[in-house]
Amino acid sequence: MALLEVDAVHSYYGNIHALKGVSLTVDAGEVVTLIGANGAGKSSTLRTISGLLRPREGRVRFAGADLADRKPHQIVADGIVHVPEGRGIFARLTVDENLSIGAFTRTDVDGVAADREAVFATFPRLRERRQQAGGTLSGGEQQMLAIGRGLMARPKVLLLDEPSMGLAPILVEEIFAIIERLNRERGTTILLVEQNARAALDVAHRGYVLETGGIALSGAAGDLLHDPRVRAAYLGV
Amino acid sequence: MTVTAALAVLAVLVYGPFRILQAGKYSSENWLDFIVFGLAQGSLYALIALGYTLVYGILRMINFAHGEVFMCGAFTGYFAAAALDGSGFMDRHPLVGLLAVTVVAASTSIGVAVLLERIAYRPLRRAPRLVPLITAIGASLFLQYTVSGLYGSGLETYPDVDVLKGDWQILGIGILKTQAVVIAAAVLIMLSLYAFVQHTRTGRAMRAVSEDKDTAALMGIDVDGIIVRTFVLGGALAGVAGVLHALIYKQVVFNMGFQPGLKAFTAAVLGGIGNVPGAMLGGLFLGVVESIGPGLFLEGLGIPAAYQLKDAIAFTLLVLVLIFRPTGILGERVSEKRA
Ligand SMILES: Nc1ncnc2c1ncn2[C@@H]1O[C@H](COP(=O)(O)OP(=O)(O)O)[C@@H](O)[C@H]1O
Ligand SMILES: [Mg+2]
């Protein structure tokens, strides 16, 4: 049984039919990437999983349980943590406060303190800036804070929406290296949405290609990297 | 045009005080009395203003029924006070009695605020902004006429509390006990509220929800729950303000929430709506300006019955601040995107 299962989901914004029967699965321990052009429905898929969007048809299941009646904050407590597109840093809260908010669902004070140290070990620059307001950080630092804040919830599945967006190439590399390490060293399960298809397929085990609200292709990451359709449309070769 | 206006303002600001101080109409004790009274009045404005600003910070919505939340607390506080006074309890244990009255008033205001959120505002959360605003005005009238329907439209008078009669000598100045209690209670409450918002888990969640509700939900915060708690806080402060108001003015009536509500809203805007310390400072500032303004700025210009114009001063101040600093004294620009 897959840890996370999106089953023939249809989601709407008012009358706009954004997801037209999307199905995908993520197994425990996997990195799965969801690639596709702007407007294909990648963010909407993540928003449907985390409960910000309610599917009008279809199901989202987590560890076998239907999430239809779960509110977004309950889904976080279940273990699905969504790091949104554009990072969603609370600009007026300090770095430390942003991290505390990430651990909002947790009551194990010692565990939270240890995880905060772990985040600072992964992102040393955040430690230097811990008393600074989130809004004063650079784009790269904000992305690190967004990922670190996501980890503070001890996710069973981490949903990352375009973590490389707007970053300098060297930072993009760093972010992908961190994603790979999180999965390898901690076994964190990751669903990674990206427009940078090559880098995403390089770190992922499997991938899905989304086109105008539906899955067009799926398979092992290595196979997708060599698929002529993917190469033409998303890898620019 | 602007220059003429600025000169006119300057003339009032300089010439009036010059004339009145030169004439020596008021002694320095008079001025101190004005200031202390202004601080007491301003404390009430500040406590009510906090309710506007907390709700605005979270929902970007003006809860125009908040003055009635205050009125409802003052009203049930009156019934509690009258009952305790009638049984003689108030005379035997005045402090316990006052505390009980405050608890009754605050509970009522909390209940009214939470019901408003649940019934009137929550269903409209995704509606265009004008809709909840009109609903709030409707709710305000509904509450006023419900109270007047139930209890009549006459004035009711709180019983006197003997321990609060007379004045205390504080730093060599005689200050009315009621005013001292109002100022002290309000300052204590405001400092606690500030500490709560800055340093507790719920306070942090309130600030997060105020910045971005969707992302707050993605952090595991129950956004609806935080909104309810915000109304609870604002309601509690309004209820306490209702009792403190009664210590100074004694009387309650069904439409007593309107004017203080409007003034407190002004204070919240003066301080920068959505900003907690701003509402506190805005309230105190407005209270003091209203209290010393007529004597200081207007009497020197030969305006008769200047004190009748204190409301005009309050709203002139509002207009001036909005012209020269639209975000209020401590306010930051509120981005439409977050609204
Ligand atoms: N808040 C919204 N309101 C209306 N339409 C939206 C909204 N967000 C996304 N959409 C529409 O839904 C479709 C999918 O968008 P999205 O999931 O953001 O795509 P992606 O993340 O792949 O760029 C697009 O057609 C987009 O215009
Ligand atoms: Mg997107």
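Two residues are in contact here if their C-beta atoms, placed from the backbone, lie within 7 Å. By that rule, 20 residues of chain A are in contact with 14 residues of chain B. This is a predicted model: local features need pLDDT of at least 70, side-chain atom pairs count only at pLDDT 80 or more, and totals for chains, interfaces and linings use all residues. Residues are numbered from 1 along each chain as its sequence is written, while chains are lettered from A and ligands numbered from 1 in the order in which they are written.

Stay with the interface. Helix H2 (72-78) and helix H3 (95-102) of chain A each supply at least two residues of the side that touches chain B. Helices (H or I, at least four residues) and strands (E, at least two) are DSSP runs, numbered from the N terminus. By class, this side of chain A has eleven nonpolar, seven polar and two charged residues. Ala, Val, Leu, Ile, Met, Phe, Trp, Tyr, Cys and Pro count as nonpolar, Asp, Glu, Lys and Arg as charged, and the others, Gly among them, as polar.

Now take the sheets of chain A. Two strands pair if DSSP finds at least two bridges between them. Strands of a sheet pair through backbone hydrogen bonds, either parallel or antiparallel. One open sheet has four strands, in the order S2-S1-S4-S5 of chain A, and its pairing is antiparallel. Its edge strands are S2 and strand S5 (65-66) of chain A, each of which pairs on one side only.

Strand S1 (residues 4-13) of chain A pairs with S2(A) over eight bridges, in the antiparallel sense. In this pair, A:His10 stands opposite A:Lys20 of S2(A). S1(A) and S2(A) form a hairpin with two residues between them, and A:Gly14 in the turn has a positive phi of about 60 degrees. Further along the sheet, strand S4 (residues 57-62) of chain A and S5(A) pair antiparallel over two bridges. There, A:Phe62 has A:Ala65 in S5(A) as its bridge partner.

The other open sheet has six strands, in the order S6-S7-S8-S3-S9-S10 of chain A, with mixed pairing. Strand S6 (80-83) and strand S10 (214-220) of chain A stand at the edges; each has a single partner strand, so one side of each is left without a neighbour in the sheet. From one strand to the next, the twist averages 15 degrees. Strand S9 (residues 206-211) of chain A pairs with S10(A) over six bridges, in the antiparallel sense. A:Tyr208 stands opposite A:Ser218 in S10(A).

Helix H1 (residues 42-50) of chain A lies across strand S3 (31-36), S6, strand S7 (157-161), strand S8 (189-194) and S9 of chain A. H1(A) runs at about 150 degrees to S7(A). Axes are lines fitted to C-alpha atoms, for helices over the stretch in contact, and angles run from 0 to 180 degrees between N-to-C directions.

Ligand 1 is surrounded by A:Tyr13, A:Ile16, A:Ala18, A:Gly36, A:Asn38, A:Gly39, A:Ala40, A:Gly41, A:Lys42, A:Ser43 and A:Ser44. Each of these has its C-beta atom, placed from the backbone, within 6 Å of the ligand. Strand S2 (16-26) and H1 of chain A each supply at least two residues of this shell. H1(A) gives the most, with three residues. The shell divides into four nonpolar, six polar and one charged.

Turn to the helices of chain B. Helix H7 (residues 177-199) and helix H10 (residues 223-249) of chain B pack at an angle of about 165 degrees, with their axes 9 Å apart. That makes H7(B) roughly antiparallel to H10(B). Angles under 35 degrees count as roughly parallel, over 145 as roughly antiparallel, 65 to 115 as roughly perpendicular and the rest as oblique. Residues of H7(B) in the contact include B:Val181, B:Val182 and B:Ala185, and those of H10(B) include B:Val240 and B:Leu244. The contact residues divide into ten nonpolar, two polar and no charged.

Helix H12 (residues 276-298) and helix H13 (residues 310-324) of chain B have axes that come within 9 Å and cross at roughly 130 degrees. H12(B) and H13(B) are therefore oblique to each other. B:Leu286, B:Val289, B:Glu290, B:Gly293 and B:Pro294 in H12(B) meet B:Lys310, B:Ile313, B:Ala314 and B:Leu317 in H13(B). This contact has six nonpolar, one polar and two charged residues.
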